[in-house]
Amino acid sequence: MIDIHCHLLNGVDDGADDLESSLDAIKLAEEAGFTDIILTPHYIKDYYDNSIENTKDKIKELKQEVFKNNILINLHQGNEIYICDDICDLLLAGVPSTLAGSKYVLFELPLSNKVFNVTDIIRKLKQNGFKPILAHPERYSYIQENPNELIEYIRAGVLIQSNLRKYYRSLWKRC
């Protein structure tokens, strides 16, 4: 299994508090059958600058510790990118990360306010060869109120990532 949306990078936004917590969670992921984890700290333009450049050393350190502890999970760089009008330009400039260096882009929307130009942004991403993935649509109030809102994104060619809250909650309690 591959976890494509994970906030386990210690000391970064809402990731693990420390290196030991990251390692404990990664060990549990290995026990659960995961082979790969894409670390996706938040990238929010002008707020969370967890860019490729600013997280690469932290990821390298965590990879070294995973190796030292004989944990058989591959870690990859990524970001959960908060949607903005120039997300495509930022990606093309190599500021935030796609998922594991691929063309897949994990993006999130505001939790309670619908973005009305999102299909234009998605179209631009796709025109530039990116494959957009909407993070946790079950968390957005406007999709909770009208799940058919999600169809607009699917029709635009967006893949969907959903959180397995119940499963992960039990994993985190064991840490």
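Helices (H or I, at least four residues) and strands (E, at least two) are DSSP runs, numbered from the N terminus. A residue is called buried under 20% relative accessible area, exposed over 50%, and partly exposed in between (1.4 Å probe, protein chains only). What you see is a predicted model, in which local features need pLDDT of at least 70, side-chain atom pairs count only at pLDDT 80 or more, and totals for chains, interfaces and linings use all residues. Residues are numbered from 1 along each chain as its sequence is written, and side-chain values use heavy atoms, with hydrogens and water left out.

Let us begin with strand β5, residues 74–77. L75 and Q77 lie on its covered face, while N74 and H76 lie on the uncovered one. Strand β2 (residues 36–39) runs parallel to β5, and 4 bridges join them; strands count as paired if DSSP finds at least two bridges between them. I37 has L75 in β5 as its bridge partner.

Now find helix α2, residues 52–68. Its 17 residues reach 24 Å from the first C-alpha to the last, close to the 24 Å expected at 1.5 Å a residue (the expected span is 1.5 Å times one less than the number of residues). Buried in α2 are T55, I59, L62, E65 and V66. An α-helix has 3.6 residues a turn, so residues three or four places apart point the same way. The cover over the buried residues of α2 includes α1 (19–31), β2 and β5, where contact means heavy atoms within 4.5 Å. After α2 comes N70, with a positive phi near 55 degrees.

Next, the aromatic rings. Rings of Phe, Tyr and Trp (its six-membered ring) pair if their centres lie within 6.5 Å; planes under 30 degrees apart count as stacked, over 60 as edge-to-face and the rest as tilted. The whole structure holds 2 aromatic pairs. Y47 and Y48 are edge-to-face because their planes stand at 65 degrees, with ring centres 5.0 Å apart. Y140 and Y142 are stacked, at 5.9 Å centre to centre and 10 degrees between the planes, and both are buried.

Finally, what about the cysteines? With a disulfide defined as a pair of cysteine sulfur atoms within 2.5 Å, the count is 0. For C84, the nearest cysteine sulfur is that of C88, 10 Å away.
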